[in-house]
Amino acid sequence: MNDRPDDLRPILRIDFPPEDRLGRGKIMLLEHIRETGSISAAGRAMDMSYRRAWLLVDALNRMFKEPSVESQRGGKQGGGAALTPFGETLICRYREMEAKARAAIADDLAWLEAARDPDQTPISDRLPPT
């Protein structure tokens, strides 16, 4: 299944009782941290505040026995953040789970796509102006 903007796609979210969640937003944040070496820059890449990004990283680090991200204090070179080996594995395993879910329901997604009205007006175009 191609990931074009118009393709149907399942969204994987795993709920950890009583209130933690793991989903694509936290995984994307980890990927941005890996790319930028910074929680702040990763948050900016996702249009979120540093505080929000930091809170999500803190939640990830508390969810598991091992942290996903290690922060480094500012200094001459400035601070930074890096994924731990566990964080790297978490991204990999989550992406594998997504692929397995897509593969498992590919026939159902194809059926839904075939039944979908391609001329349907998006809901955002049907809402009254505010």
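Tutor: Let's start with leucine 55, which sits in helix α3 (residues 50-63). Helices here are DSSP runs of H or I with at least four residues, strands are E runs of at least two, and both are numbered from the N terminus. One caution: this is a predicted model, where local features need pLDDT of at least 70, side-chain atom pairs count only at pLDDT 80 or more, and totals for chains, interfaces and linings use all residues. Residues are numbered from 1 along each chain as its sequence is written, and side-chain values use heavy atoms, with hydrogens and water left out.

Student: What makes leucine 55 partly exposed?

Tutor: Its relative accessible area is 32%. Buried means under 20%, exposed means over 50%, and partly exposed is in between (1.4 Å probe, protein chains only), so leucine 55 at 32% counts as partly exposed.

Student: Why is α1 called oblique to α4?

Tutor: The axes of helix α1 (residues 24-36) and helix α4 (residues 85-104) come within 10 Å and cross at roughly 135 degrees. That angle makes α1 oblique to α4, because under 35 degrees is roughly parallel, over 145 roughly antiparallel, 65 to 115 roughly perpendicular, and the rest oblique. The crossing of α1 and α4 is left-handed.

Student: How do you know that arginine 95 and glutamate 31 form a salt bridge?

Tutor: Their closest N and O atoms are 2.8 Å apart. A salt bridge needs a side-chain nitrogen of Lys or Arg within 4 Å of a carboxyl oxygen of Asp or Glu, so 2.8 Å passes. This pair links distant parts of the chain: arginine 95 is in helix α4 and glutamate 31 in helix α1, 64 residues apart.

Student: Is glutamate 31 buried or exposed?

Tutor: Buried, because its relative accessibility is 15%. Arginine 95, at 28%, is partly exposed.

Student: What else links α4 and α1?

Tutor: Glutamate 88 and arginine 34 form a salt bridge, with the closest N and O atoms 2.9 Å apart. Glutamate 88 is in helix α4 and arginine 34 in helix α1, 54 residues apart. At 32% for glutamate 88 and 40% for arginine 34, each counts as partly exposed.

Student: Where do aspartate 58 and arginine 62 lie?

Tutor: Both are in helix α3, four residues apart, about one turn of the helix. Aspartate 58 is partly exposed at 25%, whereas arginine 62 counts as exposed at 55%.

Student: How many salt bridges does the structure hold?

Tutor: Seven. Also, Arg13, Asp15 and Arg21 are linked in a network of salt bridges.

Student: What makes aspartate 47 stand out?

Tutor: Aspartate 47 has a positive phi of about 55 degrees although it is not a glycine. Most residues other than glycine have a negative phi, and most peptide bonds are trans. Aspartate 47 is in the loop between α2 (39-45) and α3, and it counts as exposed because its relative accessibility is 75%.

Student: Which residues does a cis peptide bond join?

Tutor: Proline 17 and proline 18, with omega about 5 degrees. Proline 18 is found in the loop between β1 (13-16) and β2 (20-23).

Note on methods. Axes are lines fitted to C-alpha atoms, for helices over the stretch in contact, and angles run from 0 to 180 degrees between N-to-C directions. A crossing is left-handed if the near helix is turned anticlockwise from the far one by less than a right angle, and right-handed if clockwise.
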